[in-house]
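Hello,

Here is the structure we talked about handing over. My notes on aromatic pairs, salt bridges and surface charge follow below.

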Amino acid sequence: MKLRWGWTCLLLLCLAMVTWSQEEELDDEEEVQMEDEEMDSEADDSSEVKADANVSFQVTYKTPVPTGEVFFSETFDDGSLSRWMKSKTMKEDADEDIAKYDGKWEIEALKENKVPGDLGMVLKSRAKHHAISALLNKPYIFKDRPLVVQYEVNFQDGIDCGGAYIKLLSDSPDLDLEQFHDRTPYSIMFGPDKCGEDYKLHFIFRHKNPLNRDFEEKHAKRADTDLRKVYSDKKTHLYTLVLNPDNSYEIFIDQSSVSKGSLLTDVIPPVNPPKEIDDPKDSKPDDWDERAKIPDPEAVKPDDWDEDAPAVVPDPDAVKPDGWLDDEPEFVSDPTANKPDDWDEEMDGEWEAPQVPNPACKTAPGCGEWKPPTINNPLYKGKWKAPLIDNPNYQGVWSPRKILNPDYFEDLEPFKMTSFRAVGLELWSMTSDIYFDNFIITADKEVADRWAADSWGLKKLVASANEPGVFSQLTLAAEERPWLWVIYILTVGLPIGLGVLFCWPKKSDDDYIYKKIDPSKTEDVEEEEEEEVEEEEQEKGKQEDQGIAEEIAEPTGEKESRTEDEVEATGGDAAAAEEEEEEEEEEEEASKSNDTPSDDEMKDADEGIQNAGEGHKQAVRKRRVRKD
C-alpha cells in the first residue's frame with residue numbers, strides 16, 4: 001500500500017512540474033507584454049523603431065543614455081564607427097601574409113533575438129588579425145574611486161578559437177591608435193577567451209615594479225563557474241569588472257558574480273615578492289644523509305634461503321590426458337597449397353607450403369610433446385634483502401639556507417596602477433560574427449546597472465520571449481539525437497505505467513475470500529445435477545415399490561427386510577446431503593464474517609475444502625455403486 005501511494009505521489013509531482021513550466025512560459029509572455037506597454041508610453045520622447053517580422057512580439061527600443069559620470073560609453077546605434085580607429089600597422093613575430101591587421105568590422109544588428117533599432121559592432125573576418133580602438137572622454141586615474149568596466153558579447157556562430165576581450169590602453173605621450181598592436185602598453189585586459197577546450201575569462205593587470213620600473217602581468221584566479229554554456233548558447237551576455245580602491249575585485253557575468261578576490265593575494269604571480277629566498281650559492285654537503293631508512297647491517301640471510309629457486313615449477317600432480325598424440329605435430333603443411341607460377345627460387349628461395357593446424361589433432365586432447373603445466377613454487381622466496389631500520393645518521397631533507405631577497409619590495413596599493421585613456425580590441429579569431437555592444441566605463445556600479453537595464457536587459461527579455469518552451473527544446477534535441485526518444489518514452493511511460501498498475505481498482509475482498517474458501521463452482525453444479533438424478537430415481541423406486549406391493553403380496557421376511565434396507569439407505573443418503581448443505585451454509589457465513597482472514601485461517605479453509613471434496617467424491621461413488 002505504501003509503495004502504491006509513493007508512485008501515485010511521484011506521478012502527481014511530474015504532472016505538477018509540467019503544469020508549472022507551462023505557467024512560467026505564460027508569465028514570461030505577460031511580462032514582455034507589460035514591458036512593451038510601458039515602453040510604448042515613452043515612445044513620444046525618444047527615437048523608436050517598430051518591430052520587424054523576425055520578432056515574435058511588438059517592441060520599441062530607445063538608445064540608452066548613461067546617468068552619472070562616465071569615462072566612456074558606446075552603443076553603435078548611430079550606425080557608424082567614426083569614433084573608432086582601425087589599426088594600420090602589422091603584428092610583430094607573425095607570418096607576413098597574416099601579420100597585417102586587416103580584419104573587417106561592421107555595424108549590424110543581431111542575427112537572432114534582435115531588438116529593432118539596436119546595433120552593435122561585429123567582427124566579420126575569420127583567421128585574421130583585428131585591431132580597433134577609441135579614446136575615452138577623459139583619462140581614468142586610479143586614486144580613490146572604483147573602476148567599473150562593462151560591455152556585451154554575443155558569439156553568434158559559437159566560438160572555436162578566439163577571444164572577445166578588451167584592453168584599457170595606458171596613458172602615455174606616444175599613444176597612437178593607428179599603430180595599436182599586440183605590444184601596445186595596457187593597464188588592464190578583461191573579457192572572454194577560448195581555444196580548444198580551455199574556457200577563460202581574463203582579468204590581467206600590469207603592475208609596475210617600484211625598484212626597477214619594469215611591468216609584470218598579474219593574472220587573477222579562474223572563474224568559479226563553468227563557462228562552456230556562456231560561450232556556446234549564442235546569446236548576448238554581459239561582462240562586468242569592478243575594481244575597488246581597497247584592492248578588492250569582483251567579476252560578473254549577466255550581473256551574477258563568478259569570481260572575486262584581492263589584488264594582493266589572489267593573483268599569479270603575487271604582487272609582492274617574498275622577503276627571503278634560497279641562497280643560490282648554497283650547496284648540499286657531500287656527507288649529508290637524507291635516507292630515513294637504511295638496511296639493517298646486522299641482518300644475516302637464513303641458511304635455508306634459496307635465491308636460485310625458480311618462481312614456477314611443473315605441477316607434480318599433472319597427468320597426461322588419454323589419447324594425447326605425441327608423434328603428431330601441431331601444424332602440418334597445407335596439402336592444397338601450390339607454388340605460385342611466378343615463384344623464382346633463385347630470387348625468392350626454396351618454396352615451402354604454408355602451415356595449417358593438423359587435422360588429426362581436432363579430435364585428440366593435444367599433439368606434440370606433452371609438458372605438465374606449471375604452478376607457483378611454494379619454496380620460492382626471491383632475492384634476500386635485509387630489513388630496513390631507522391637511519392641513526394638521518395639529517396632530514398636538505399634545503400638551501402634562506403637569505404634576504406635583494407629584489408624585495410612591498411606595494412600595499414596595487415590598485416593604483418597606470419592610468420589609461422583609450423579602449424581597444426586586438427583579437428585573433430577562427431570564428432566570425434562576434435557581436436560587441438554597449439561599452440561603458442564608469443566609477444559607479446549603479447550607473448552601470450542602470451545602463452545594463454536599458455540595453456542588455458531588453459535583449460535578455462526578447463531572448464526569453466523567443467526561446468522555445470520545454471517541450472520544443474526536448475523535440476529539437478531529439479531531432480539531433482534520435483536516441484533521446486527512448487529516454488523520453490521511458491521517463492514518461494514508466495511512471496504512468498506504474499501508476500496505472502498500482503492505482504487501478506482491484507476486485508473486492510469478498511470475491512477473493514470466495515475463491516480461497518468456497519468450493520469451486522463446477523463441483524457445486526455437479527452436486528446439484530447428481531442430487532436431482534438421485535431424487536428422480538428415489539421417486540421412481542417408491543412408485544415401483546408401491547405398485548408391486550399392491551399387485552403381489554410378499555409376506556416373506558426376506559423381501560420386507562430388503563425393502564427396509566433400501567429405504568434406510570435412501571434416507572441415509574438424504575440425511576448426508578442435508579448435512580453437507582448445512583456445512584456449506586456455515587462455511588459461507590464464516591467467510592462473510594471474516595473479510596480479511598489470516599494466513600492460518602486460509603490454510604485451515606483450504607484443508608477443509610480438500611477434505612470436503614474427498615468426502616463428496618466418496619459419497620458420489622457410493623451412490624453410483626447403489627445405482628448399479
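**Aromatic pairs**

There are 17 aromatic pairs in the structure. Keep in mind that this is a predicted model.

Take Tyr 140 and Phe 142 as one of them. Their ring centres are 5.0 Å apart and their planes stand at 80°, so the pair is edge-to-face. The cut-off for that label is over 60 degrees. Tyr 140 is buried, at 1% relative accessible area. Phe 142 is buried too, at 5%.

Phe 203 and Phe 205 also make an aromatic pair, and this one is tilted. Here the centres are 6.1 Å apart, with 35° between the planes. Phe 203 has a relative accessible area of 2%, so Phe 203 is buried. Phe 205 is at 0% and counts as buried as well.

There is also an aromatic cluster. Its members are Phe 72, Phe 76, Trp 84, Tyr 151, Phe 190, Tyr 239 and Phe 439.

**Salt bridges**

The count is 31 salt bridges. Three of them are set out here, each with its place in the chain.

Lys 91 pairs with Glu 426, with 3.9 Å between the closest N and O atoms. The cut-off is 4 Å, so the pair counts as a salt bridge. This pair links distant parts of the chain, 335 residues apart. Lys 91 sits in the loop between β2 (85-86) and β3 (105-108). Glu 426 belongs to strand β24 (residues 420-429). Glu 426 is at 7% relative accessibility, so Glu 426 counts as buried.

Asp 171 and Arg 421 form another salt bridge, and their closest N and O atoms are 2.6 Å apart. Again the pair links distant parts of the chain, 250 residues apart. Asp 171 is in the loop between β8 (166-170) and β9 (186-195), while Arg 421 is in strand β24. Asp 171 is partly exposed, with a relative accessible area of 31%. Arg 421 also counts as partly exposed, at 23%.

Lys 293 and Asp 390 meet through their side chains at 2.4 Å, N to O. How accessible are the two partners, Lys 293 and Asp 390? Lys 293 is at 47% relative accessibility and counts as partly exposed. Asp 390 is at 53%, so Asp 390 counts as exposed. The line between those two classes is drawn at 50%.

Some salt bridges share partners. They join Glu 108, Lys 111, Lys 124, Asp 157 and Asp 433 into one network.

**Surface charge**

Which residues gather in a patch of negative charge on the surface? They are Asp 341, Asp 342, Asp 344, Glu 346 and Asp 348. Asp 348 is found in helix α3, which covers residues 345-348. Its relative accessible area is 43%, so Asp 348 is partly exposed. Patch members need over 30% relative accessible area and no salt bridge.

**To recap**

Start with the edge-to-face pair of Tyr 140 and Phe 142. Then look at strand β24, where Glu 426 and Arg 421 are both found. Finish with the negative patch that includes Asp 348.

Best regards

Definitions and conventions
Residues are numbered from 1 along each chain as its sequence is written. This is a predicted model: local features need pLDDT of at least 70, side-chain atom pairs count only at pLDDT 80 or more; totals for chains, interfaces and linings use all residues. Side-chain values use heavy atoms; hydrogens and water are left out. Patches are made of residues with over 30% relative accessible area and no salt bridge: like charges are joined within 9 Å, nonpolar side chains (Val, Leu, Ile, Met, Phe, Trp, Tyr) within 5 Å. Accessible areas come from the Shrake-Rupley method with a 1.4 Å probe; for residues, only the protein chains shown count as cover. Lys and Arg count as positive and Asp and Glu as negative; His and the chain ends are not counted. The place of a charge is taken as NZ of Lys, CZ of Arg, CG of Asp or CD of Glu. Helices (H or I, at least four residues) and strands (E, at least two) are DSSP runs, numbered from the N terminus. Buried means under 20% relative accessible area, exposed over 50%, partly exposed in between (1.4 Å probe, protein chains only). Rings of Phe, Tyr and Trp (its six-membered ring) pair if their centres lie within 6.5 Å; planes under 30 degrees apart count as stacked, over 60 as edge-to-face and the rest as tilted.
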